[in-house]
Protein chains: 2
Amino acid sequence: MSLTPDRLARMDATAKVSQLASAARKAARTLSVATGAQRRAALLAIADAIESRSAEILIANEKDMARGRQGLLNASLLDRLLLTPDRVNGIADGARQVAGLEDPLGKTLRQSVLANGIELKQITVPFGVIGMVYEARPNVTVDAAVILLMSGNAALLRGSSSAADSNQILVTVMRDALTTTAISPDVIQLVPSDDRETVKALLHARGKVDLVIPRGSADLIRMVVDESTVPTIETGAGVCHVYIDEFADLTKAIPIIINSKVQRPSVCNAAETLLVHKSIARDFLPIAMKALNEAGVILHCDGASFALAGEIPVTTATVENWSTEYGTLEMNVAVVDSLEAACDHIATFGTQHTEAIVTEDKANVARFIALSDCAAVMVNTSTRFTDGEQMGFGAEIGISNQKLHARGPMGLEAMTTTTWIVTGNGQIRS
Amino acid sequence: MSLTPDRLARMDATAKVSQLASAARKAARTLSVATGAQRRAALLAIADAIESRSAEILIANEKDMARGRQGLLNASLLDRLLLTPDRVNGIADGARQVAGLEDPLGKTLRQSVLANGIELKQITVPFGVIGMVYEARPNVTVDAAVILLMSGNAALLRGSSSAADSNQILVTVMRDALTTTAISPDVIQLVPSDDRETVKALLHARGKVDLVIPRGSADLIRMVVDESTVPTIETGAGVCHVYIDEFADLTKAIPIIINSKVQRPSVCNAAETLLVHKSIARDFLPIAMKALNEAGVILHCDGASFALAGEIPVTTATVENWSTEYGTLEMNVAVVDSLEAACDHIATFGTQHTEAIVTEDKANVARFIALSDCAAVMVNTSTRFTDGEQMGFGAEIGISNQKLHARGPMGLEAMTTTTWIVTGNGQIRS
């Protein structure tokens, strides 16, 4: 019995997700026994299908856009939702790019032979079934599916209801493409977004779903982390700091600060707070604040930096300021007594994403690395480099903000787990 | 203000755990900046102190034993609780052994130089603060603390109230020993066990505690997984299978089955179910069931194996049997139509711990590995080899039953996370 939309619509959320997960689990076997070449061929078939069925995809997207315009979606959300011929081709190209990456499965991570002749090998294997919970952008539907397929995992995709028509056609096109390959179409399942309860059902499908990855707003991520009994990987929030040490090369410091804040303020690796060592604050901060002001950045200051602002209009920073991910051209400024004090501030207000230090002192670099407790430490460079593509991963399913399993940008490898293969010739334990 | 037992007793559970976690977090800095030699020295100081204060430890343990005898503890639990001079020396030796292991911190996992000259390095770093929730055995208090310290983590230890006096003296001895080292004694914190709510408070201390590891009964582990908003690593339950393939060397099969079930039935890597391919069942099963019966194993059979039991007294297996981790000399037996059917059974009733296949056919080995979805696959050997010591880890903090972060036996390395160190010379993103 196939899971027709009609049958699904009559089930409650838990039953829906359970059925979809079971179908995905069964189909995942076609992935776990497939060769890398077969998984690559499936991705290329998906890419071709997306390009050749571009017209259908754009028509479905226009339905979402029309609903969005009538509804409450603002310009920024509408832009995230919009697909154009170029964007559709970009999605297909993304799938081809993933197909060209190194196969993450079957890699030997450790190997040894025990005294009794038993051979030990730890290899990479797929998780099995991975759920994605995400918001407006329909390209995530394909980006996530192809990364999960290439790493041998079935995908349960729960996008936003605002993108329901776009997501439905993209999943249909991908599933149709798989019918011509060695991979079962059931490895891609769209979780209905017309029922809010399906998200919770996904988060409680322990045993049926191996991992859930949320991508989207801080509220979404918090809900996933709080609710889920399925293991999750927290992605996203970035309150990143740039610390200018007493031994900084100040000619490097200004471009790094400006780039970290201004180059693309809406993303999670943009900086929100500038911390400056007290011994250089008097000379450096007026120049830095002027440069930020000229770049259009609104400044929120602690007492010491406020006193150095001069003509530049600044406000007094509140506790809320220090812990806000602005996503806009706003920045907090504080003077700190020491590198340790900078790390104290970071420990209190940071989100363990990316922390930058500008210094020429190697001992201070080592100390900052030991104390800053984050996914990526930037030494004399911009926070904006915490990025899968910049780091050469080729594809990124998100940036992990947690310490368990994966930290920082996650590529194909982060979507694998391991198995020990213990090979004997009849040995037993004595 | 120090956290005296009196002050702690007056707080509610959340405040207690929060205070202990904050003290541990602050003290953890002495670990993150310490060298491997300094952490080793701390472990050796702990080992020496445990040996030299053995008498105090035994007196405290006798208080727990006396309470246990008066209370409801059965002989098996009393034995787990008991410390003897030999066991105390064994605990100290365990700490010395961990001190002799390779330093898991600061290892470079990946390294590259980007086109713009930026250097990328992914290194291992500590989690920070790790909570352990465990049951009767007081040796876990020291075993866990030294593994966590060696991997640079502060330890919040929540043992059983039945071992309260033993745990208290062991923590006191370890903390006293640390006062002579570069490591702050506050990296080891005993979470009071006189208040049941402290477990829940630990599980909800998200942001304050980086990871919680439960060790103990299935009920404990389920509670931790269900309740926790702090990331956890599920350990423990093992419903392991031995599958005898149609191409098995049957002379190897019998010793492997007997060893997997009988050698130490109480542990999680002991086997609970025997699956036999139908084409060899008629010849092989009567011999296998006779051998199991002679080894004292009670058998629960499906229809096909029941019919082959002959004189051997067996019962009909229920759904409950197939999913029970006996921990005793009981075993389920089923005849399966194919390797795939064996993997279906394993997928339905297994706990993704250890699955064994006995076969001489390499293609079937590959297929079993692809389909059995577990932490360790045993090929022509006993399930009992899924064990940190057997696998050469030197120390084990538990066996992970989950796919996220660590799978199978966890040594020092599993108690680390990673940081990207991105080193530039003023580069910015264009």
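In chain B, T108(B) stands opposite I123(B), which belongs to strand β2(B). I start with that pair because this is a predicted model, and the pair sits in a simple piece of it. T108(B) lies in a hairpin formed by β1(B) and β2(B), with 5 residues between the two strands. In the turn, G117(B) has a positive phi of about 90°. The strands themselves are β1(B), residues 108-113, and β2(B), residues 119-126. They run antiparallel and are joined by 5 bridges. How many of the 6 residues of β1(B) are buried? The count is 0, and the strand is hardly covered.

Next, the sheet. One open sheet has 10 strands with mixed pairing, and its order is β1(A)-β2(A)-β16(A)-β13(B)-β12(B)-β7(B)-β8(B)-β11(B)-β9(B)-β10(B). That order includes strands of chain A and strands of chain B. On average, neighbouring strands here are turned by 25° against each other, direction ignored.

Within that sheet, look at β12(B), residues 354-358, and β13(B), residues 376-379. These two run parallel, with 4 bridges between them. I357(B) has V379(B) as its bridge partner in β13(B). Helix α11 of chain B, residues 250-262, packs on the sheet and touches β7, β8, β11 and β12 of chain B. The direction of α11(B) makes about 165° with that of β12(B).

Now one residue from the loop between α15 and β12 of chain B, namely Q352(B). Is Q352(B) buried or exposed? Q352(B) is buried, because 27 other C-beta atoms lie within 10 Å, and the cut-off for buried is 20 or more. Its contacts, leaving out residues up to four places away in sequence, are D373(B), C374(B), A375(B) and N401(B). Of these, C374(B) is 22 residues from Q352(B) in sequence, yet the C-alpha atoms are 3.9 Å apart in space.

Last, the two chains together. Chain A superposes on chain B by a rotation of 180° with 0.0 Å of shift along the axis, at an RMSD of 0.1 Å. The copies are thus related as by a two-fold rotation axis. Which residue of chain A comes closest to that axis? H405(A) does, with its C-alpha at 1.8 Å. As for the interface, 100% of the interface residues of chain A are also interface residues in chain B, so the copies meet through the same surface.

How values were computed. Residues numbered from 1 in each chain as written. Chains lettered and ligands numbered in written order. Predicted model: local features only at pLDDT ≥ 70, side-chain atom pairs only at ≥ 80, totals over all residues. Buried ≥ 20, exposed ≤ 12 C-beta atoms within 10 Å, placed from the backbone. Pairing = 2+ DSSP bridges. Axes fitted to C-alpha atoms, helices over the stretch in contact; angles between N-to-C directions. Contact = placed C-beta atoms within 7 Å. Least-squares fit on C-alpha atoms with pLDDT ≥ 70 in both.
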